[in-house]
Amino acid sequence: MITKLLIIGGGLIGSSIARAARTICDTIVIADTSPEARDTIAELHIADATAPTGKAHTDADLVILCVPPARMVDAAAPVLPHLKSGAIVSDVGSYKASLIRDLIELIPDGVQFIPGHPIAGTEYSGPEAGFATLFRDRWCVLTPQDNADQNALATLTQFWEALGSDVAVMDPAHHDLVLATTSHVPHLIAYTLVGTATDMETVTNSEVVKYSAGGFRDFTRIAASDPAMWRDVMLGNKDGILEVVERFIEDLSALKRAIRWDDDAALMAHFTKAADIRRRILESGQDAPALRRINKSGES
């Protein structure tokens, strides 16, 4: 399907794509601005070649932008205008509508732009954190524009399916609302709760660490994600996030009233509904196993 693959950004997602695509692409090139990252990629033999982002190969059949969304325009600008006709450009950004508006200006005639978002990842980063099975049995959402080339969409769909993903096609704005609900606002809540716990005057930081229960530890795991990336996500998907946050505040206020007035029926109904969602997530296979450490050979 894809003879030459160019990945811009060799972190967790980019290096995982390279590992997973080894059997389906003849040549894989990873471009990264960091000399240290390029050296690590070469040592791990993840790609056939590396290059500084500004000097990336422009004869690729497929280019995937795997840098944080706030850096995508800068990373793409030296490359996209020079791509060959018929090339496909995609990305892995976790918000789409505002990112598409920024990137579409860089796409030359004859090059097809099919935005995407693989819903997979860990709290770790860097080329050494990637592994080939990261996308297996995970969803990849493609958000093509209405006039998108259907052959390009089919090719990119087949590419992600070959990496083990289930593929869904979605409107960009709807994608942003869905991800605000399932990812962005949960991260916002995690950062907020951990901050609240550590800022309480009557509970010391050492007590927060020493007596952390499982629920709080889960929140700290989420809050350990890259702060700069999540700052950019919050600003990039502000419309979807603010809509979900408003609904969350209303629901939290309702639970607060139920606790204040000993409304055990309301609490039971709410907790039962939430438990059912957890059961359905497990049944659908969407809860990833614990992350396995990646050894220096790049194998999981």
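Me: Which residues are exposed on the other side of helix 5?

Reply: Happy to start there! This is a predicted model, and in it Gln150 and Asn151 are exposed on the other side of helix 5. To be called exposed, a residue needs over 50% relative accessible area.

Me: And which residues of helix 5 are buried?

Reply: Ala152, Leu153, Leu156, Thr157, Phe159 and Trp160 are buried in helix 5. Looking down the axis of helix 5, you would find its buried residues within an arc of 160 degrees, so they line one face of the helix.

Me: How do you know that the reach of helix 5 is close to the expected one?

Reply: Helix 5 covers residues 150–162, which makes 13 residues. From first C-alpha to last, helix 5 reaches 18 Å, and 18 Å is also what is expected at 1.5 Å a residue.

Me: What makes Asp149 a cap for the N-terminal end of helix 5?

Reply: A side-chain oxygen of Asp149 lies 3.0 Å from the backbone nitrogen of Asn151. The limit for a polar contact is 3.5 Å, so a distance of 3.0 Å qualifies. Just after helix 5 comes Gly164, with a positive phi of about 105 degrees.

Me: Why is Trp160 called buried?

Reply: Buried means under 20% relative accessible area. Trp160 has 1% relative accessibility, so Trp160 counts as buried. Phe135 is buried as well, with a relative accessible area of 0%.

Me: How many aromatic pairs are there?

Reply: The count comes to two aromatic pairs. In one of them, the ring centres of Phe135 and Trp160 are 5.2 Å apart. Centres must lie within 6.5 Å, so these two rings pair.

Me: Why is the pair of Phe135 and Trp160 called edge-to-face?

Reply: Planes over 60 degrees apart count as edge-to-face. The planes of Phe135 and Trp160 stand at 80 degrees, so the pair is edge-to-face. Phe135 lies in the loop between strand 7 (116–118) and strand 8 (139–142), while Trp160 is in helix 5, so the pair ties together parts that are 25 residues apart in sequence.

Me: What makes Phe159 and Trp160 an aromatic pair?

Reply: Their rings are 5.8 Å apart centre to centre, and the limit is 6.5 Å, so they pair. With 85 degrees between the planes, the pair of Phe159 and Trp160 is edge-to-face. Together, Phe135, Phe159 and Trp160 form one aromatic cluster.

Me: What is the bridge partner of Pro118 in strand 8?

Reply: Cys140 is the bridge partner of Pro118. Strand 7 and strand 8 pair in the antiparallel sense over three bridges. At least two bridges are needed, so three bridges are enough for the strands to pair.

Me: In which sense do strand 8 and strand 9 pair, parallel or antiparallel?

Reply: Strand 8 and strand 9 (residues 166–169) pair in the parallel sense, over four bridges. In strand 9, Asp166 is the bridge partner of Trp139.

Me: What does the side chain of Ser90 reach?

Reply: Ser90, in strand 5 (residues 88–91), has a side chain that reaches the backbone oxygen of Ile114 at 2.6 Å. The cut-off for a polar contact is 3.5 Å, so 2.6 Å falls within it. At 1% relative accessibility, Ser90 counts as buried.

Definitions and conventions: Residues numbered from 1 in each chain as written. Predicted model: local features only at pLDDT ≥ 70, side-chain atom pairs only at ≥ 80, totals over all residues. Heavy atoms only, no water. Expected span 1.5 Å × (residues − 1). Buried < 20%, exposed > 50% of the residue type's maximum accessible area, 1.4 Å probe, protein only. Arc of directions from axis to C-beta. Polar contact = N/O pair within 3.5 Å; in protein donor to acceptor, adjacent residues only side chain to side chain. Phe/Tyr/Trp six-rings, centres within 6.5 Å; stacked < 30°, edge-to-face > 60°.
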